[in-house]
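Let us take a walk through a protein model together, one stop at a time. Keep the picture open beside the text and look up each residue as we reach it.

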Amino acid sequence: MNEKHKILKHYFGYDGFREGQEVLIDSILAGKDTVGIMPTGAGKSICYQVPALMMTGITLVISPLISLMQDQVSTLNQAGVHAAYLNSSLSYNQYRLALRYAEEGRYKIIYVAPERLMTEEFQQFAAGADISMISVDEAHCVSQWGQDFRPSYLKIMEFVDCLPNRPIISAFTATATKQVKEDIISILRLQDPTCLTTGFDRSNLFFSVKTPGDKFAEVSRYLMEHGKQSGIIYCQTRKVVEEVHERLLKEGYAVTRYHAGLSDRERKQNQEDFIYDVKPIMVATNAFGMGIDKSNVRFVIHYNMPKDMESYYQEAGRAGRDEEPSECILLYGGQDVVLNQFFIDQNRDNDELDEETLEVIKQRDRERLKKMTFYCITNECLREYMLRYFGEFGDNYCGNCSNCLTQFETEDVTESAKKIIGCVASINERFGMTMVVDILHGSKAAKIKNYGFESNDFYGTLSEVTIPKLRQILNHLVLLNYLHLTEDKYPVLQLTDESQTVLDGDEEIVMKMAKENERPVKKKAKKKSAVLHDVDENLFEQLRELRMSIAKEEHVPPYIIFSDKSLVDMCAKLPKTKEDMLEVSGVGDVKFEKYGQRFLDIINQ
Ligand code: ADP
Ligand code: ZN
């Protein structure tokens, strides 16, 4: 066993590296700048932590989120690695003390918030320290193309310039669009870096998009079958969280909620209830989930479409961390687009940005929203669409998404398209989708009368086409740029240069449509995870209880003691001795010393 494997085993308790980890670690150890692009949960931290423990000096990890830093540091401390964080959650005295320990060389790995880098005290420390590597976590934050641009990340280079010697720089992110990657390399001024993108395909996740008339009814129906499993339901606003949470409570589910409007105490409590499976269903805004590594989440339902694919993949990716089959369901409604547009226009709390930058960012946010919307209306393989977005390639057919399982037939929609485009022209490009659909379908709504559209040439000309189908064709036309949907708060349909070719009959428009009356054949999700099924559930419960009481003693979440996967592995291997126990995934030497015997005792009973 070579050194890096020994470290992986000793501190982290793992027998082998995952896809990509070794390449990245070897690159760092060879002294090269390194970029690792991997989805959430793939195991980026190991990629810099293992080399950090093998290099002579300190590794500084730049990270934007306090909760993530705290989580990482407690995980490391549990594993017997000396690590600390420096951020605004520390009091001044705590901060001074941590810096002093750092100066004394007590820490091998130090997490630091980017705002701290250029402070006088930190500079003073850095000038005298032996820094082997700077590892930039969530590196997409340097890029204005990223979904989370943070100007403070630009301080990293300023900081590096002040150092007597340039350390190795490694950068990690889950955002893999081409522009972001290029920005990371150029803004961080990486020198001939090793770049690796890997592992975006999570084959155990079933992806589906639905457009239900009644979203709550859809959730309710899903939970009738899966309500005993653990899952997250993401909603766009606090109000919707409250609504869905209350209705599910009434239906008798063990459900809890999380959003920024709750007190710290309640948020903490609810999060614990979820993690400990006291209340296995969580209804939350996107404020929930950072740094949460609950492995048995069986479904993630999006009640609303998120603002971009990055957010979606990150949130949906919280399902199935244990690699067991899990579902990611997106409930799409046209209203979701409007609300997201609105949020983009309002642009959130980033007052660090000047007007011009803000405008550029809004423009990019709109682009991303468009790509997200296309995901919801595309007929191609959802996994393929996603992988392409993240710069990887799939097979065009995964057999494990709602589109791959739907029977499609191609249909010539040229005649309908002509009428739709004609209608948009006839109302002088002044109205949105709903009005156009209403006119074509021959709606009796008051607004149609008020505008006098009953006498429009196109009124009722597509009354035989269902409204959802009309919308689908319309979306298709926008997707192919035969029509343009403006990006205002109230989007309006307009003609494009290509519109005329359709009217002239030069263009035949075919679409893949789901076959009517044919429900997608849903793959029978395994009722219970295969791994869990094969082991003694009673023992598993006992181990979980022990883990919970240790977690309480140590004031850390249970997964920091051992993951579910480790517990399942214990149940499967039934270790009798220390040697056996060290064979269990996730049990390293330090953790064995701390807790191993207590777990062995229960197993041996
Ligand atoms: P990311 O930062 O990419 O979201 P993490 O670094 O938090 O992911 O890792 C996700 C989980 O996978 C953690 O529980 C981690 O301990 C586990 N993990 C990482 N590498 C390995 C490995 N080689 N073998 C087994 N588990 C691993
Ligand atoms: Zn597919």
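**A walk through the model**

Tyr-313 is buried, because its relative accessible area is 9% and buried means under 20% (exposed is over 50%, partly exposed in between, with a 1.4 Å probe and protein chains only). Before we go on, a word on the ground rules: this is a predicted model, in which local features need pLDDT of at least 70, side-chain atom pairs count only at pLDDT 80 or more, and totals for chains, interfaces and linings use all residues. Residues are numbered from 1 along each chain as its sequence is written, chains are lettered from A and ligands numbered from 1 in the order in which they are written, and side-chain values use heavy atoms, with hydrogens and water left out.

Which ring partners Tyr-313 in a tilted pair? Phe-390 does: the ring centres are 5.2 Å apart and the planes meet at 45°, so the pair is tilted. Rings of Phe, Tyr and Trp (its six-membered ring) pair if their centres lie within 6.5 Å; planes under 30 degrees apart count as stacked, over 60 as edge-to-face and the rest as tilted. The two partners come from distant parts of the chain, 77 residues apart, with Tyr-313 in helix H12 (residues 309-316) and Phe-390 in the loop between helix H15 (382-389) and strand S14 (408-412). Helices (H or I, at least four residues) and strands (E, at least two) are DSSP runs, numbered from the N terminus. Phe-390 is also buried, at 2% relative accessible area.

Now find a second pair, Phe-431 and Tyr-451. Their ring centres are 5.0 Å apart and their planes stand at 80°, so this pair is edge-to-face. The structure holds 20 aromatic pairs, and ring pairs link Phe-200, Phe-207, Tyr-313, Tyr-389 and Phe-390 into a cluster.

Next, look for the zinc ion (ligand 2). Its protein donors are the SG atoms of Cys-381, Cys-398, Cys-401 and Cys-404, 2.3 to 2.4 Å away. Donors are N, O and S atoms within 2.8 Å of the metal (3.2 Å for Na, K and Ca); water is not among the atoms, so sites may look incomplete. Along the chain, these donors follow the spacing C-x16-C-x2-C-x2-C. Why is the arrangement tetrahedral? The four donor atoms subtend angles of 102 to 119° around the zinc ion, and four donors count as tetrahedral if all angles lie between 85 and 135 degrees.

Another stop is Ile-46, in helix H3 (residues 44-54). Ile-46 is buried, at 10% relative accessibility. Leaving aside residues up to four places away in sequence, Ile-46 touches Leu-8, Phe-12, Tyr-14, Phe-17, Gln-21, Ile-25 and Pro-51, where contact means heavy atoms within 4.5 Å.

Finally, step back to see the whole protein. It has 26 helices and 17 strands, and 55% of its 605 residues count as buried. Its C-alpha trace spans about 85 × 60 × 45 Å along the principal axes. Among contacts with a separation of 6 or more, 72% join residues 24 or more positions apart.

Conventions. Tetrahedral: all angles 85-135°; square planar, octahedral: opposite > 155°, others 65-115°.
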